[in-house]
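Biologist: I would like to go through this structure with you. Could we look at it together?

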Amino acid sequence: MTSTDTTRADPPSTLKRDISGKMLYLFILGDVLGAGIYALIGQIAGEVGGVTWVPMIVALLLALLTAASYAELVTKYPKAGGSAVFAERAYKRPMVSFLVGYCMLAAGVVSASGLALAFAGDYLATFIDLPPVLGAVLFLIVIALINARGIKESVRANLVMTMIETTGLVLVVVAVAIMLGGGKGDLGRATQFAEGGSPVIAVFGAALLAYYSFVGFETSANVIEEVKDPSRVYPKALFGALATAGVLYVLVGTAASIAVPSDELGESTGPLLTVIQATGVGIPAWLFSLIALVAVANGALLTMIMSSRLAYGMGSQGLLPSVFTKVLPKRGTPWVAILVTTGVAMVLTATGSIATLAETVVLLLLIVFLSTNIAVLVLRRERVEHTHFRAWTVLPVLAVLSCLILLTQQSAEVWLRGGIIVAVGVVLYAITRLVRRRKSGSDATAR
């Protein structure tokens with residue numbers, strides 16, 4: 001599924017291409033694994049019962065549909081800015097492009113604030129007791145410093161943290177296998193739906209939660225200018241990372257259901273720690289808490305890399321002030337974008353719970369995904385000068401339908417919060433346009 005098109009070329013990037021295919025694969029895998037599975041498997045079990053693997057597979061298939069659209073557009077237009085760039089090219093309306101990029105940016109910053117709160121919560125309390133907001137702010141400062149040091153250093157840190165968090169998930173599966181070998185656990189729970197209600201409705205409700213565990217792949221679009229040979233390596237890295245995460249999630253979800261009843265999992269704020277403790281295997285609670293902290297830190301680091309690169313890309317496209325394109329001379333990292341996105345994330349840590357922030361992230365990303373999936377079809381008539389991935393036409397069509405279905409599952413409270421965030425974006429856009437008009441007018445008068 002590749003295509004060679006011909007039309008204008010984009011200007012060269014000022015960012016350094018330091019990310020190889022293997023590094024990109026681990027970058028995406030680390031962002032997808034993140035903190036979602038460590039926190040949400042209990043809520044998924046509470047929705048659907050022991051068959052946690054069913055909504056996991058459904059969510060994976062839905063994520064792959066949108067991933068196919070990203071694979072085509074990212075390799076066709078390998079520019080930082082991701083969905084905002086796609087919207088600008090497809091719809092030719094600055095406001096639409098701004099709002100798409102803004103929703104993506106807002107989702108990233110909101111997600112980082114939620115992850116920071118998760119980091120400063122019960123897992124951190126195993127080692128040190130800090131007020132959640134203070135702990136979150138200090139955590140975000142450390143993440144910003146790593147981000148500013150350089151993309152190569154950030155991705156290398158991601159490589160180490162991805163291996164650690166993956167090891168934690170493997171430990172869960174191995175511990176439950178040992179538990180089964182000792183004659184404990186209940187295999188039958190993995191085939192049991194929650195009592196009462198419709199299994200179909202339960203699966204879709206749980207799939208919405210599971211979908212949050214798969215989002216994160218879209219962040220890779222915003223480091224594409226720093227990837228070597230993106231048209232060749234990006235699709236392989238993207239689909240490979242999602243498939244790997246899907247297999248891990250199915251195994252971990254099934255293992256959790258075997259070890260612990262779904263109602264008990266649903267009540268736990270650290271469900272995988274609950275699973276480890278139920279197995280009776282001698283894995284210290286502090287060790288698994290440390291692994292969970294690394295998982296959260298990895299997700300936050302990659303999310304803030306995405307947010308800063310997206311702000312840089314929007315600045316390059318004229319959707320944000322040009323100051324966002326400023327980079328550190330020796331490091332080649334967008335320091336203004338890093339500073340601003342980190343500051344906003346710090347403020348957001350004091351405005352809502354982890355669950356509320358996570359649900360708001362999903363809503364904002366679904367709006368972005370809907371725009372991107374439509375943009376694939378609109379941009380089929382536009383050609384570029386290089387070979388790129390091309391998805392089967394039915395995939396973006398199905399992806400649009402999947403986004404609409406998932407949007408209908410959101411609560412009124414989440415829609416209200418999302419609406420407020422979008423309204424802030426509209427006001428910001430209007431102010432930006434007004435400032436630019438006044439500046440253009442003053443420049444014309446001076447001439």
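Predicted model: local features only at pLDDT ≥ 70, side-chain atom pairs only at ≥ 80, totals over all residues.

Biologist: Which residues form a salt bridge with Glu-382?

Modeller: Arg-89 forms one, with the closest N and O atoms 3.0 Å apart. Lys-92 forms another, at 4.0 Å between the closest N and O atoms. A salt bridge here is a side-chain nitrogen of Lys or Arg within 4 Å of a carboxyl oxygen of Asp or Glu.

Biologist: Where does Lys-92 lie, and what does the pair with Glu-382 tie together?

Modeller: Lys-92 lies in the loop between H4 and H5 and Glu-382 in the loop between H15 and S2, so the pair ties together parts that are 290 residues apart in sequence. Helices (H or I, at least four residues) and strands (E, at least two) are DSSP runs, numbered from the N terminus. Lys-92 is exposed, with a relative accessible area of 53%, whereas Arg-89 is buried.

Biologist: How many salt bridges are there in the whole structure?

Modeller: The search finds four. One of them joins the side chains of Arg-380 and Glu-72, at 2.8 Å from N to O. That pair links distant parts of the chain, 308 residues apart: Arg-380 is in the loop between H15 and strand S2 (387–389), and Glu-72 is in helix H3 (residues 53–76). Arg-380 is buried at 17% relative accessible area, and Glu-72 counts as buried at 1%.

Biologist: Changing topic, which residues make the nonpolar surface patch?

Modeller: Leu-377, Trp-392, Val-394, Val-397, Leu-398, Leu-401 and Leu-404 make a patch of about 630 Å². Patches are made of residues with over 30% relative accessible area and no salt bridge; like charges are joined within 9 Å, and nonpolar side chains (Val, Leu, Ile, Met, Phe, Trp, Tyr) within 5 Å. Areas come from the Shrake-Rupley method with a 1.4 Å probe, and for residues only the protein chains shown count as cover.

Biologist: Which helix gives the most to it?

Modeller: Helix H16 (residues 394–407) does, with five residues. Leu-377 is placed in helix H15 (residues 354–378) and is partly exposed, at 34% relative accessible area.

Biologist: And which residues of H14 are buried?

Modeller: They are Val-336, Ala-337, Ile-338, Thr-341, Thr-342 and Ala-345. Their cover includes helix H5 (94–119), helix H7 (132–149) and helix H13 (285–316), where contact means heavy atoms within 4.5 Å.

Biologist: Finally, how many helices and strands does the protein chain have?

Modeller: The protein chain has 17 helices and two strands. Of its 447 residues, 56% count as buried. Among contacts between residues at least 6 apart in sequence, 86% join residues at least 24 apart. The C-alpha atoms fill a box of roughly 85 × 50 × 40 Å, taken along the principal axes.

Technical notes: Residues numbered from 1 in each chain as written. Heavy atoms only, no water. Buried < 20%, exposed > 50% of the residue type's maximum accessible area, 1.4 Å probe, protein only.
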